[in-house]
Structures are given as C-alpha cells and as structure tokens.
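Biologist: I'd like to learn how to read a protein model. Could you walk me through one, a feature at a time?

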Amino acid sequence: MDWRAAVHSLEHGYVILAYGAISPDEVRRLEGAFRGERKLIITPKASLSPGEMALVSWRRLQRCKGLDLEVARAFIRQNRESRLAPEPQGP
C-alpha cells in the first residue's frame, strides 16, 4: 500500500483499518465484516504486532491489541467523513 496516497484519502474523510499479522481466515472475516463500507481502506501493516489493529482517520488514531469488530465499527461510524477532515466531501 502506498501510505502517501492513504494520507490523501484521509484528507477526504476515509478511515484506514490496519492490522498486524493475522491468519487468512481472520483476513476474510475482517474483510467480510466491512464489505460494502464506503471510504474504508483495510490493509496489513508490518509494523503492527501480530493481531494488533490500528484505526486511523484525519487527526485520530486508535490502537487495539486484537481485532475488535465492534470497536472498529464505532470508530468508522464516528470518524468517516469527519468534519476534522479538510475535504470530507471529496472522492
């Protein structure tokens, strides 16, 4: 993933859900749980500990020691298209 492009997406109100090493089954579960979500990028991040999850939006970061879908849903709901983002109505 090109993190420079990801920062540009954050500017437009996206949320990034990054995760440390997880099993292929966990990747499928994670992607399935958020299939169809707008303005969401799900990506592995090698610098995270195995199983760790980080949620990022413009000026916000939340880390979890494990994959927590409810925490992720709440973060996405609260931060997607945030008024803090400089251009939330962008692509």
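Modeller: A salt bridge here is a side-chain nitrogen of Lys or Arg within 4 Å of a carboxyl oxygen of Asp or Glu. This is a predicted model, so local features need pLDDT of at least 70 and side-chain atom pairs count only at pLDDT 80 or more, while totals for chains, interfaces and linings use all residues. Residues are numbered from 1 along each chain as its sequence is written, and side-chain values use heavy atoms, leaving out hydrogens and water.

Biologist: How many salt bridges does that rule give?

Modeller: Side chains of opposite charge can pair when their charged atoms come close. In this model the count is three. One of them joins aspartate 25 to arginine 28, with the closest N and O atoms 2.2 Å apart. Both sit in helix H2, three residues apart, so about one helical turn separates them. (Helices are DSSP runs of H or I with at least four residues, strands are runs of E with at least two, and both are numbered from the N terminus.)

Biologist: And which residue does glutamate 52 pair with?

Modeller: Arginine 63, with 2.8 Å between the closest N and O atoms. Glutamate 52 is in the loop between S2 and strand S3 (53-57) and arginine 63 is in strand S4, so this pair ties together parts eleven residues apart in sequence.

Biologist: Is glutamate 52 buried or exposed?

Modeller: Buried means under 20% relative accessible area, exposed over 50%, and partly exposed in between, using a 1.4 Å probe and protein chains only. Glutamate 52 comes out at 11%, so it's buried. Aspartate 25, at 53%, counts as exposed.

Biologist: What about the nonpolar side chains?

Modeller: In soluble globular proteins, they tend to be buried together. A nonpolar core is a set of buried Ala, Val, Leu, Ile, Met, Phe, Trp, Tyr and Cys residues joined through side-chain atoms within 4.5 Å. The largest one here has 16 residues, and Leu17, Tyr19, Leu30, Phe34 and Met53 have the most contacts inside it. Helix H3 gives the most to this core, with four residues.

Biologist: Where does phenylalanine 34 lie?

Modeller: In the loop between helix H2 (24-33) and strand S2 (40-44). Phenylalanine 34 is buried at 4%. Contact means heavy atoms within 4.5 Å. Leaving out residues up to four places away in sequence, phenylalanine 34 touches Leu17, Leu40, Ile42, Leu69, Ala72, Arg73 and Ile76.
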